Amino acid sequence: MSAPILQVRDLVMRFGGLTAVNRVSFDAMAGDITAVIGPNGAGKTTVFNLITGFYKPSAGEIILHGPAGQKPLHVTVGHRIARSGVARTFQNIRLFPGMTVLENLLVAQHNTLQAATFFGIGAAFGFGRYRQAEREAVALARRWLEATRLLDRADDPAGALPYGAQRRLEIARAMCTNPVLLCLDEPAAGLNPRESEELAELIQLIRRGGCSILLIEHDMGVVMRISDRVVVLDHGQKIADGTPAQVRADERVISAYLGEGDEDEVPAAPVEGAA
Amino acid sequence: MSGASRLPEGPHVGGVPHNDDGVPEPGEMGGIPRGPEAPASRPPVVHALRDAGLAALVALGLFVPLVGLRTDVGPSGGGLILRTRWADVAILVGIVFAGRLAMNLWSSLRPAGRPRTARRTAQIARIGTFVAPLFLGFAVLMPLLPWTTRYGLDLGVLVLTYVMLGWGLNIVVGLAGLLDLGYVAFYAVGAYTYALLSTTYGLSFWVCLPLAGIFAAFAGMLLGFPVLRLRGDYLAIVTLAFGEIIRVVLLNWVSLTGGPNGISGIPRPSFFGLSFSAGGGPGSFADFFGLEPSPTHRAVFLYYLILVLALLTNWVTLRLRRQPLGRAWEALREDEIACRALGINVTNTKLTAFAIGAMFGGFAGAFFATRQAFVSPESFTFIESAIILAIVVLGGLGSQLGVAIAALVLIGGFEAFRDFEEYRMLVFGAAMVVIMVWRPRGLVSSRKPSVALGERKAISGDLVGEGHG
Amino acid sequence: MAYALQQLINGVALGMIYGLIAVGYTMVYGIIGMINFAHGDIFMVGAFVSLISFVLLSTGGWAAGPGAVLLVLLISMAITALYGWSVERIAYRPLRGSFRLAPLISAIGMSIVLQNFVQVSQGARAKPIEPVIRGSVELWHGNGFSVSVSTMQIVIVVVTLAVLAVFTWLVTSTKLGRAMRACEQDRKMAGLLGIDTDRTISITFVIGAALAAVAGTLYLLRYGLADFFMGFIVGVKAFTAAVLGGVGSLPGALLGGLLIGLIETLWSAYAGQDMFLLRELNPAYKDVAAFAILIATLIFLPSGLLGRAEVEKV
């Protein structure tokens, strides 16, 4: 597989006088797991927010090669990006804590369901087509609940789940939008080694299902093992791009990481703080 | 009322605490009464006395000028004269002392408050399933009960109007989490729509009712568009301003609205073309059914009319909650950013909430106009919005039953004080404060899931979001 | 031109009063993130305490002179500050860190309580007082029109600036001010660092109420009337001023107050006059103008004129 699913070209993002992302270009191939790594403040999350439409880039292009052809994401409104097949999770988990696990997954299928209701009008009268659509939606939700081992918690409020389960639920919810590209923002943060391991398996399962994955991660163990391609950012610029083995051997990458010392002790720059 | 004992155990989603609780409270507060959690070394009674004494001292400072020294316009019409009322001050200070003392002793005797468990939440929800049909049964049967007086009927109409308004606003505030302090504007739009269309074009109530709803819904969208990006208190203040603008326009656009004099002679509704005229002439309700003409007929009719309208509001809300739209509203209340990431059009979702909530306000307004046969800007002041919002929040956001109970308690209680005209707003305001302090989440805070694989378990209010918009 | 200048002066005087109240809103919003809905009514209480004190002094026979005004001002500040403290203690502190709407409803309840408490205790009729500060200074004279500044207006400007100067010094240069700013930035962290956050918040309310008392006194002296409902509309306008200037910014509050005062005064003065489009405007809509500005500000300039822009956190 060598067709790109996502092309990022000369992406620039400035906050006031600060350039958080400076002429970054990379491709994510269809069916691949592409990781974006870098020390804190390197601009990883900003790149993510640009791709998923939470920020508008100061310059540059982001092209999605989705099922409906090319889509320039840099000029697409936030919620339409999700509709064109890009789903994401958040570094600080963003669930609907007061809604049940199942409800969370149904909200993710809002657009499909809403279309089946003739935009709300038909549903009020209980049209059969809506009931059919809802059954299908529940079936899809059930599938992802099984995949994330949350089926027994389906009727519990999302906010009551343990941390690791909330992370999995967020991924399940993103998958319920039927994305072609799943963007995961530090999915392993705060997980214990066993949970990280399970997460890696889940990601690979998703990839086998045909969904490409873009991943920001600090956990180098996970990144190096499951990624097909790694993009390294530092100070808002791309410093390396290649297979895990290539990147590991790259001197600029080594110095970027060593130069920063223990990355976890470097205080987050304001830009990364906006994530 | 100790601050520390009320801190909720908020859900720490994603390891990020959602609320700013858990603030340590070092040190005494410069002689300020600290409530019962202060030093254990001192005997509780001594502490309680000291604390109550301080409270009494504060009360003395508060009441001496405003209660003790009453100003009145002098008999000659010139300057003000003073009248002293030290006895009243003494009584008030005494009440504060005794009240504070009782409160301190009570909380030092009572064991530490037990946390509300999931079981209790479920219990409350179960009680709700019994209470709701009971209420409904009573509401349906009330006009037929032999001991229902005309006054009781009118009170019922009033309470049901507020129940309907509360349910309408509940869509906006409770479900979508959008704080609206100008809801009365839509009530006014509905009322004036009916008043103007019926007096100018002679349209009947049944034609005007949907029109009133549509106009109000448009007003809702009109408000919704500019405020989409605003959050929280900013949204509240802008909606408040919107409500005031509508009122000031009604007050000053004399050629259309009659200004402060309002519009009178608004036609009363008819029962499928049968009027409720007091004379009982041909074509009247009494004549058709061969009844003795009685003003009670109209009252009963109005009662059932508002009951049906209120139940319609409730039915649509419950229905929508189980639809994608309703779920999107609730999701919006929980986390707007996550909604966007899931491809939900946040703008449209908010606008529909504003529009549908406003529509029911419009219906209620049309009903108000036809019941009173008179509308003027005076009926649509900010205090009305505040009362409706208070009903929603005191009842419990999103809870239909809670809103109905809150309307009954607040409006019924308010009426119960009608003999103390002067004091009833004072008591009303105090009740708002006390209920909020006692139950910040409202009477019924739990949320029922809209869909489930197995059993639908009530969700504790502590987990349910409150909206940021 | 002379007329315009005169209106400008009137507007500035009114704006100063709004600014004083707006500071109270801004401070409370900054520190606990809520609109202190009862703040307008605190202003009303301040006006009433001043009214009562003036009547008390005049019955005692020493009502005239700057000494009396100063005394009244101090009494009003002290009593009103006690009201501000009590409101926070009773209605807001128990709800700290709780559900966001609860303090708002509680504040609305408190606003109703204060209004009706004053209505019950002092009566519903508006209370007039005789002018205490008289006289004026003529600035310009000619063409049968003169521009003058009343002594009252001078007092308003001088007192407001003096009070705000003291207040600014308090916030920027004292330990208390540092504690307040720390709580504004991050209350939890401030608490962990040993700042008594409850006490700091209490003091914020006390200071805000004292400033509102100054505003109430000046308003009473300028317009000669007090009634129990006066706090609502003045409060909303002062809040508008706070938002216009940028919530959290103290100079912004004053600037916003001045702008609102000017707009309101100029609208009343010019709307409906036989000039250009002005004849289409209705002077009765001066409040609508203020509200429309509020809405427009929030939409086009959500962080106000002098406020900090907030980046949406994802």
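Me: In chain A, which strand is joined to S3(A) by four bridges and spans residues 229–234?
Reply: The model is predicted: local features need pLDDT of at least 70, side-chain atom pairs count only at pLDDT 80 or more, and totals for chains, interfaces and linings use all residues. Residues are numbered from 1 along each chain as its sequence is written, with chains lettered from A and ligands numbered from 1 in the order in which they are written. Strands are DSSP runs (E, at least two residues; helices are H or I, at least four), numbered from the N terminus, and two of them pair if DSSP finds at least two bridges between them. The strand that runs parallel to S3(A) through these four bridges is S9(A).

Me: Which residue of S9(A) stands opposite Ala35(A)?
Reply: Ala35(A) points one way from S3(A) together with Ile33(A) and Ile37(A). Its opposite residue in S9(A) is Val230(A).

Me: Which residue of S8(A) stands opposite Ile33(A)?
Reply: Strand S8 (residues 212–216) of chain A runs parallel to S3(A), joined by four bridges. Within S8(A), the residue opposite Ile33(A) is Ile213(A).

Me: How many residues of strand S3 (residues 33–37) of chain A are buried?
Reply: A residue is buried if 20 or more other C-beta atoms, placed from the backbone, lie within 10 Å of its own. Thr34(A) and Val36(A) point the other way from Ile33(A), Ala35(A) and Ile37(A), yet all are buried. The count for S3(A) is five of five.

Me: What percentage of the 275 residues in chain A is buried?
Reply: Chain A has 12 helices and 10 strands. Its buried share is 49%.

How values were computed:
A residue is buried if 20 or more other C-beta atoms lie within 10 Å of its own, exposed if 12 or fewer, and partly exposed in between; C-beta atoms are placed from the backbone.
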